[in-house]
Amino acid sequence: MNRWLATGAFCIAAAFLILGAVALRPFGQPARTEMDDYFNRYSQPEVAANNAVTAIVFDYRGYDTLGEATVLFTAVTGVALILRRVRK
Amino acid sequence: MEETLKIITGQGFWSPLLWLAAALGILLLAFFLWSRGRREYKRGTEQELPFLSGERAEDPRVGASHLYWGFVEALKPFLNGLRDWHSGVITDYVGWFVVILVVVLLLVL
Amino acid sequence: MSVHAPILAIAVPLLGGFAAPLLARIHRKVRDLWVLLVVFFSGACVGYVAAHILSSGIWVYVLGARNPQETLAPGGFPIRIMLTVDAMSAFMGLIAGFLALVAFPFALKYIPEEEGKTLALTLSLLLLAGILGLAYTGDLFNFFVFLEVTSIAACGIIGFRTWISRAPEAAFKTMVLFSLSGLFFLLASAFLYGEYGALNLAYLSAQIKGTLVDKLALALFLAGLIMKVAAAPVHFWAPDAYGEAPAAKTLLLVVNTQVSLYGLWRVLFTLYGGALSAGVGWLVTSLGLLTMVVAAFMALVQVDLGRLVAYGAVSQIGYMMLGVGVGLVTLAGRPDYGFVAMKGGIFHMLNDALTVGLLFLCVGAVEWTKGTRDLRELGGLGHGLPGVALCFLLASLALAGIPPLNGFASKILIYEGSFRLSPILAAVAVLASILLLAVFARAFHGAFLGPRAEVKEGLPWVFLLSMGALAVGILVLGLVPGFFVEELVAPAAKALWHGRALYLAAVLGG
Amino acid sequence: MIGNLPFVVCMILVALGLWTLIAKRNLVKLVIGMSLVTSGVNLFLVSLGYVRGGIPPIYTYAPAAAPMVLPTPQALTLTSIVIGVATTALMLAFVVVIYRHKGTLDVRKIRDLRG
Amino acid sequence: MTVVVRTITRVLLPISLVFGGYVIMHGHLTPGGGFQGGAVAASGLALVLVAFGVERLAGKKGLLSVLESLGGVAFAALGFLGLGVTFFANVLAGSGGLFGHPVPYGPNPGDLNTAGTLPLMNWAVGFKVLAGLGAVVLLFGLFGGEK
């Protein structure tokens, strides 16, 4: 592939990424926080956990964590598969 | 019942059963023509053996790539360019990903 | 229990994948039985969900809530992950379920025990779970997680044959590209989260107005998913991956590609349906044309049967993109022909799954018998393997769009719809079909015709059963396409074409 | 504009990773580039959750009446980090096997699959 | 490895395992949780591999694989536990039984016996991560060792 094409495309892509970062709302001042306020307010009464992050990881978004555990399991299975010994 | 057998395409319709009926008709016609042919060639003689360009062929197999050899030969430069495009170098592939990213960015924004 | 059918379809294969290595320690028969049970249960759940949705609309299932239908927290915004299954998701799930039912019995016979069958079966179960999770989810981050599950499981399967150097090479390349696509998807989700503080698809869809950040996120989504579906300038991983994976598992890889395609439609039609320019539609359409032509020409010069079929499979992606792309271009006016093209594109997903799946099973049977896939060495297998030859012929004719098979039924819808938009589109699509016919004529000639060749005796009957199931599917879909188009495809197409408001209403109420 | 510097830094990290993937010729360096992209995205995610003057969203011995940072990005980042680790492990396994077969890590020499 | 490394490993291994266990156990009260604690404990395992060589642990590959599968099955099963309500519903939280103490809103010193299924899931995930990461390191070490 043409090196100049790749370099030019890369520069434009990087510029757009930085443009997006600049166009986002200011750092430290989230625009919309209904969902996170809910988590901070109700993680104790609903889940009985002091740690709101753990409450999200294992309760509100527990299904994601199941997927995440699956990813880890899949990767370990994959590594075992790739590094296994096959007599051929 | 009529609706489940055919697809309405907006300008017409496509009915496989109708097509099958037509195909069957054409097959019957072909069979009819074939059955009127000559039957008196001698079985078991050299009339049954395969010939290639008038020569008696020992191995009458035609290689699969010869089916449209001329077509591929004529397009050789184009096809070779396409093959070189699939270079097998992973960094090139990532480069093409960045190119498509830029195309999409320029188109969307 | 039937309330939980959508989640059971996903969670049971996950549990099955976790438990399969344990059960293999007890006995391998126990493991095989377990795998079959899990796949059949999952397939039954998928079928139940589809039947329910086709009769009574979108099915929302909120995970971890006190009530599965309680979508919104007090205050009117969604907080939990939810599955949002509409007709399109159900259609995708049906494809995955059917192919899994065909692929797993085949794989049980195809993969020798001493080559790590347990690991391969585990990965396949997890890949199936990931595919169904992708099809059913209604949450962006959850989509990313399952995208990674499918990526990693797929790459493990691609690298299965570690004793030849090509398989790890293909797997590594695929892994780099898949990870990049997943990361860009995540980056786009992060942009949307930063802008709107939410991750739910329907909620975000109601919020998106088309600001600069929204458009940037759309571009990142598109770039990531276009790579994952193997569209033309970034399709390089697909022939490597399809060609090098064990044939029985390639079916799941094909479904994996299609479910990524489903994700692309979901992002374009549902998430951005309200703020989409026609330019995106033209992009999808033209990438589709490029894909089908490039892949068909590349298939023309292949000498490896697996790689040839893989390029054929890539070119079919182009038809789906063309069909739905025409729908995207005309989304603003919603003319009739746009809907016809959409129906064709979505119907082609089902047809492609069947035909390409059957072709790969035939390649697997050929390799199982002869130990090679090189067309220069193969030949004359039609005498010894008449069933396989027949199936290969049927599938290649269907793939090339020869009437009266199913490939023609969907392609004629695509041709008609795209012809009304621009005759050039239809002309290029027909040209690619002719090229594919030439390609598969050569493949069939090279592998199956010619003087009788020695074959290994005793092709397992399960192989023929799996191939027969797909062949019957091809014939049935080809001979009575109207029924399937009206009952399955039209609702799915409508869910994308008109269904955005319904999708939002199902989650957000009102 | 200047307040968004953390986001910009994350994007620069992503871009650097992308450049590594385009320009480097060593498979292990490609894996490192992938890790860079992952780190950039993770940092971006977690920095989205920052609230000025915020404390961790944990109530054990928390000071009263201080704003808490947003917990969701932290949870997402945790998930994403584990996924990144899994990806890296699998990619390194492929690299090891490829090296055993080919005896090289140069991407220009590992191209049996082309055309 | 040298005797220095071995001695330090003997000291650090229990510390890392205990600290990992602490991080897992207090996941719902303090920063940390199953993944973090599992990773801390797995670092101890990696230390053993480096100090004493992979051969010492080569026979433990099957054990690690079983442990990982068990962790995964336990985690998924805890998700299935909520199936009376919905998948992944936290049925134990605030029920008064195991890990069932209710917690009022506001800062507090923390009570271990809270948060329902969360501590159980933390343990399941912790074992899974410990076994998974350990297995990955072990597999790499074994593959590099053989010729």
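Q: What makes the area between chain B and chain C count as buried, and what share of it falls on carbon and sulfur atoms?
A: In this predicted model, chain B and chain C bury about 4,500 Å² between them, with 81% of it on carbon and sulfur atoms. The area is called buried because it is accessible area that the two parts lose on being put together, summed over both.

Q: How do you know that chain B and chain C are in contact, and how many residues does each give?
A: Contact asks for heavy atoms within 4.5 Å, and the contact here takes 43 residues from chain B and 57 residues from chain C. Of the nine pairs of chains in contact, chains B and C share the most contacts.

Q: What is found between chain B and chain C when salt bridges are counted, and how many residue pairs are in polar contact?
A: For a salt bridge, a side-chain nitrogen of Lys or Arg must lie within 4 Å of a carboxyl oxygen of Asp or Glu, and the count between chain B and chain C is zero. Polar contact rests on a pair of N or O atoms within 3.5 Å, and two residue pairs, both at pLDDT 80 or more, are found across this interface.

Q: Which elements of chain B supply at least two residues of the side that touches chain C, and which gives the largest share?
A: They are helix H1 (2-5), strand E1 (7-8), helix H2 (16-35), helix H3 (69-74), helix H4 (76-85) and helix H5 (90-108) of chain B. The largest share, 12 residues, comes from H5(B). By class, this side of chain B has 32 nonpolar, seven polar and four charged residues.

Q: Why are chain B and chain E said not to touch?
A: Their nearest C-alpha atoms are 24 Å apart, and contact means heavy atoms within 4.5 Å. The two chains do not touch.

Q: How do you know that chain C and chain E are in contact, and how many residues of each are involved?
A: With heavy atoms within 4.5 Å as the test, 20 residues of chain C are in contact with 16 residues of chain E. The area buried between chain C and chain E is about 1,500 Å², of which carbon and sulfur atoms give 72%. On the side of chain C, the residues that lose the most area to chain E are C:Phe18, C:Leu22 and C:Arg66, together 34% of what that side buries.

Q: How many salt bridges and how many residue pairs in polar contact are found between chain C and chain E?
A: Across this interface the rule finds zero salt bridges, while three residue pairs, both residues at pLDDT 80 or more, are in polar contact. On the side of chain C that touches chain E, the elements giving two or more residues are H1 and strand E1 (59-62) of chain C. H1(C) gives the most, with 10 residues, and the residues of that side divide into 15 nonpolar, three polar and two charged.

Q: What makes a space in this structure a cavity, and how many of 30 Å³ or more are found?
A: A space is called a cavity because a 1.4 Å probe fits there but cannot get out. A search of the whole structure finds five cavities of 30 Å³ or more.

Q: Which residues line the largest cavity, and how much space lies in it?
A: About 70 Å³ of space lies in the largest cavity. Its lining is made of C:Phe144, C:Glu148, C:Ser179, C:Leu183, D:Met34, D:Thr38, D:Ser80, D:Ile83, D:Gly84 and D:Thr87. Helix H5 (140-158) and helix H6 (166-196) of chain C, together with helix H2 (27-48) and helix H3 (71-102) of chain D, are the elements that give two or more residues. H3(D) gives the largest share, four residues.

Q: What is the lining of the second largest cavity by class, and which residues form it?
A: About 40 Å³ of space lies in the second largest cavity, and it is lined by B:Ile90, C:Glu169, C:Phe172, C:Lys173, D:Leu27, D:Ile98, D:Val107 and D:Ile110. By class, this lining has six nonpolar, no polar and two charged residues.

Q: How much space lies in the largest pocket, and which residues lie nearest its centre?
A: About 900 Å³ of space lies in the largest pocket. Of the 29 residues that line it, A:Ala80, C:Arg25, C:Leu119, E:Lys61 and E:Ser65 lie nearest its centre. The largest share of the lining, five residues, comes from H3(E), and by class the lining has 11 nonpolar, six polar and 12 charged residues.

Conventions: Residues are numbered from 1 along each chain as its sequence is written. Chains are lettered from A and ligands numbered from 1 in the order in which they are written. Side-chain values use heavy atoms; hydrogens and water are left out. On a 1 Å grid over the protein atoms alone, a cavity is a set of points where a 1.4 Å probe fits but cannot get out, and a pocket is an open set with protein on both sides within 12 Å along at least five of seven lines; lining residues have an atom within 4 Å of a point. Grid points are joined across faces, edges and corners, and a volume is the space filled by probe spheres set on the points. Ala, Val, Leu, Ile, Met, Phe, Trp, Tyr, Cys and Pro count as nonpolar, Asp, Glu, Lys and Arg as charged, and the others, Gly among them, as polar. Buried area is the accessible area (1.4 Å probe) that two parts lose on being put together, summed over both. A polar contact is a pair of N or O atoms within 3.5 Å; within protein, one must be able to donate a hydrogen and the other to accept it, and residues adjacent in sequence count only if both atoms are side-chain atoms.
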